[in-house]
Amino acid sequence: MGSNQHYVPQFLLKNFSEHKVVYRYDKKTGRIEKKSIKSVCSQDNFYNLSLEELCENQSKIKGLLERKFGEIPKDIYLSCDKAITEIETKTGEIVKKILSNKNVTILSDKERFMLCIFISLQMLRTSHFRNDLKTIMESTANKVKQFYDAGLQSTVSYKDWVEDNIGNNFDISAKFMSLKFLGEETITFANILFYTKNIFLIDTIDDNLYVSDSPVVLHNKKHYGPYGNIGILVPGIEIYMPLSSHIILAYHCKTLVPPYNAQSNCQNYLYETYTTMETGGCIYQKGVTDFFNYLQLCYSSRYLIAKHNCFNYALNIIKENPQFTECTAKLEAHY
């Protein structure tokens, strides 16, 4: 159980490297560095949580374990690192196969589903997702505190309510909840991708795609007012993850492909595009690199990774819009 654990796998980062070295742009500091793929998009003990930490966070859990086992073991960890490593190993071989053939039609249903598991896992494993959970916890705790401050008494104190329902340390609580999500929701998300989305590839021709610390991104050209348009089951959703510095894996809502009777009236290039989206081929598109890099910039918590020092696009956006130094994923719908 290694201490340096990646939340973006090395097999993916390798496809944005030369000799396993990448350029990393820190959008908070503006710094660009050359880094080994071993040292980017990783954190010590990212998937490890000790029982001791868990018990210190919530005395209720500590009491339950002490009644069952007596003294709390200090060297026992909750971890999903081994399971994640096994998924990465299998997916790495599938991605090699995809890039070699430039289509997904050569994959078996089992391989396609494994790819869906990996994409779902990647959506839920990032530091961005964990930080979102922490923000929700903090917001909930603040709202509850407002009720207490307003004199709306409860049978327990505010401090006890927080410990019982969230925990004393929001970082540990968010870590525990994110590990729980990985175990409970990955297969659910994978089934949605497998059964409700068309999978295909996009080749941007050039070699300047970014991959971020949150590489799975969502986009939707349709708008639904106050209900929002981002979510894996929302009609019209487009889901992308770059597989290399010029190849993107795409999952599109099946409503984005018109029925064949509508296709017959299309121009040839549109018919070919729709057919490729349905069958799992590769669409070659020039001039789309900025769009996909924009999505990576929006979803990134902090870092962008590239094969070349090609961050002028991101630098210009941040110069004009400083808010992009933070994760601005919700803004991408306005692209």
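**Note on helix packing, the nonpolar core and selected residues**

1. Ile205 lies in the loop that joins β7 (197-203) to β8 (211-212). The model under review is a predicted one. Although Ile205 is not a glycine, its phi is positive, at about 75°. Its relative accessibility is 43%, so Ile205 counts as partly exposed.

2. A second residue of this kind is His19. This residue is not a glycine either, yet has a positive phi of about 55°. His19 sits in the loop between α1 (10-13) and β2 (21-26). With 79% relative accessibility, over the 50% cut-off, His19 counts as exposed.

3. The next points concern pairs of helices. Two packed helices are described by the angle between their axes and by the distance between those axes. For α5 and α8, the angle is about 130° and the axes are 8 Å apart; these two helices are therefore oblique to each other. The crossing of α5 past α8 is right-handed. On the α5 side the contact includes Asp109, Arg112, Phe113, Cys116 and Ile119, and on the α8 side the residues include Phe181, Leu182, Glu185, Phe189 and Leu193. Sorted by class, this contact comprises 14 nonpolar, three polar and three charged residues.

4. Helix α8 (residues 170-196) also packs with helix α6 (residues 127-149): their axes come within 9 Å and cross at roughly 125°. The pair α6 and α8 is therefore oblique, and its crossing is right-handed. Among the α6 residues in this contact are Phe129, Arg130, Leu133 and Met137, which meet α8 residues including Phe170, Asp171, Ala174 and Phe181. The class count for α6 with α8 is nine nonpolar, two polar and five charged residues.

5. The crossing of α11 and α12 is right-handed. From α11, the residues Asp290, Asn293, Tyr294 and Leu297 make the contact, and from α12 the residues Tyr313, Ala314, Ile317 and Ile318. In terms of class, six of these residues are nonpolar, one is polar and one is charged.

6. In soluble globular proteins, nonpolar side chains tend to be buried together. The largest nonpolar core here has 94 residues, of which Leu115, Tyr240, Leu249, Tyr251 and Phe292 touch the most other members. Helix α5 (residues 109-124) contributes the most to this core, with nine residues.

7. Tyr251 deserves a separate entry. When neighbours within four places in sequence are set aside, the contacts of Tyr251 include Leu115, Cys116 and Ile119, together with Leu193, Lys197, Asn198 and Ile199. Ile237, Glu238 and Ile239 are also in contact with Tyr251.

8. Glu111 is another residue of helix α5. At 21% relative accessibility, Glu111 counts as partly exposed, because the cut-off for buried is under 20%. Apart from neighbours within four places in sequence, Glu111 is in contact with Ile94, Lys97 and Ile106. Between Glu111 and Cys253 the separation is 142 residues in sequence and 20 Å in space, C-alpha to C-alpha.

Note on methods. Residues numbered from 1 in each chain as written. Predicted model: local features only at pLDDT ≥ 70, side-chain atom pairs only at ≥ 80, totals over all residues. Heavy atoms only, no water. Left-handed = near helix turned anticlockwise from the far one by under 90°. Helix = DSSP H or I, 4+ residues; strand = E, 2+ residues; numbered from the N terminus. Contact = heavy atoms within 4.5 Å. Nonpolar A, V, L, I, M, F, W, Y, C, P; charged D, E, K, R; others polar. Core = buried A, V, L, I, M, F, W, Y, C linked by side-chain atoms within 4.5 Å. Buried < 20%, exposed > 50% of the residue type's maximum accessible area, 1.4 Å probe, protein only. Axes fitted to C-alpha atoms, helices over the stretch in contact; angles between N-to-C directions. Parallel < 35°, antiparallel > 145°, perpendicular 65-115°, else oblique.
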